[in-house]
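Have the sequence and the 3D view open as you read.

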Amino acid sequence: MPRVSDEHLAARRQQILDAARRCFLRNGFHATSMQDVIGEAGLSVGAVYRYFRSKHELVTSIAESVLDGADDLFAAIDAAEPPPPLVDAVEQALGFVETQIGQDGVFPLAVQVWAESLRDPELADFVARMYGGFRSRLVTLARRAQQAGELPPDADPEAVGAVLLGLVQGFALQRLLAAGPDRKTYLSGLRAMLDARSRTAG
């Protein structure tokens with residue numbers, strides 16, 4: 001029997017993930033069954049379960065594939081010399097968000113996962129780890145901004161990182177649920193608040 005190539009295995013795995021994404025976006029995570037995914041993929045039960053044993057594995061694999069891209073982005077920002085201003089770093093993050101809030105993006109699915117995690121401990125643990133990793137990247141960014149003099153010496157990088165994550169998530173939710181604002185408007189509001197703080201501090 002000929003050996004199945006790594007390329008074939010990767011393509012079959014992606015076929016299943018694409019089918020799961022379509023099902024989740026069309027019917028919702030909770031209402032989608034593994035049988036729905038199997039039918040959408042056009043594969044046998046054994047072929048699908050060879051790669052994924054549950055919906056949890058499917059949804060975490062979809063999310064992790066996107067998070068890898070986000071983590072690469074934040075790693076590059078964290079490693080940049082000199083460190084970028086915080087507003088510029090946020091702008092880069094919002095640009096990434098914009099690639100994931102459309103019809104083919106993962107953020108509509110992420111909102112479903114958040115809701116489901118309120119009653120599913122396994123998903124809750126995944127969500128906590130996922131966003132904890134993002135926050136850690138942003139805390140590192142805040143520490144570098146503090147070392148560069150952008151933040152005052154008494155600022156708490158942990159608190160700043162948490163707020164930065166909230167800014168990114170807030171932008172994504174508003175774009176998804178309230179049809180706006182656009183990135184330029186959002187950033188102009190952020191800059192206005194920072195300018196007001198600087199004038200008050202001065």
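1. The secondary structure of this protein comes to nine helices and zero strands, where helices (H or I, at least four residues) and strands (E, at least two) are DSSP runs numbered from the N terminus. Read from the N terminus, the elements run α-α-α-α-α-α-α-α-α. Along the principal axes, the C-alpha atoms fill a box of roughly 70 × 40 × 30 Å.

2. A word on the source: this is a predicted model, in which local features need pLDDT of at least 70, side-chain atom pairs count only at pLDDT 80 or more, and totals for chains, interfaces and linings use all residues. Residues are numbered from 1 along each chain as its sequence is written, and side-chain values use heavy atoms, with hydrogens and water left out.

3. Let's begin with α1 (residues 6–27) and α2 (residues 34–41), which pack at an angle of about 120 degrees with their axes 8 Å apart. Axes here are lines fitted to C-alpha atoms, for helices over the stretch in contact, and angles run from 0 to 180 degrees between N-to-C directions. The angle makes α1 oblique to α2, because angles under 35 degrees count as roughly parallel, over 145 as roughly antiparallel, 65 to 115 as roughly perpendicular and the rest as oblique.

4. Which residues make this contact (heavy atoms within 4.5 Å)? From α1 come Gln15, Ile16, Ala19, Ala20, Arg22, Cys23 and Arg26, and from α2 Asp36, Val37, Glu40 and Ala41. By class there are six nonpolar, one polar and four charged residues; Ala, Val, Leu, Ile, Met, Phe, Trp, Tyr, Cys and Pro count as nonpolar, Asp, Glu, Lys and Arg as charged, and the others, Gly among them, as polar.

5. Next, look at α5 (residues 86–98) and α8 (residues 157–178): their axes come within 10 Å and cross at roughly 35 degrees. Leu86, Val90, Ala93, Leu94, Val97 and Glu98 of α5 meet Val160, Leu164, Val168, Phe171, Ala172 and Arg175 of α8. This contact has 10 nonpolar, no polar and two charged residues.

6. Finally, the second largest pocket is lined by Glu64, Leu67, Asp68, Asp71, Phe126, Arg129, Met130, Gly133 and Phe134. On a 1 Å grid over the protein atoms alone, a pocket is an open set of points where a 1.4 Å probe fits, with protein on both sides within 12 Å along at least five of seven lines, and lining residues have an atom within 4 Å of a point. α7 gives the most to this lining, with five residues. The lining divides into four nonpolar, one polar and four charged residues.

Key: Contact means heavy atoms within 4.5 Å.
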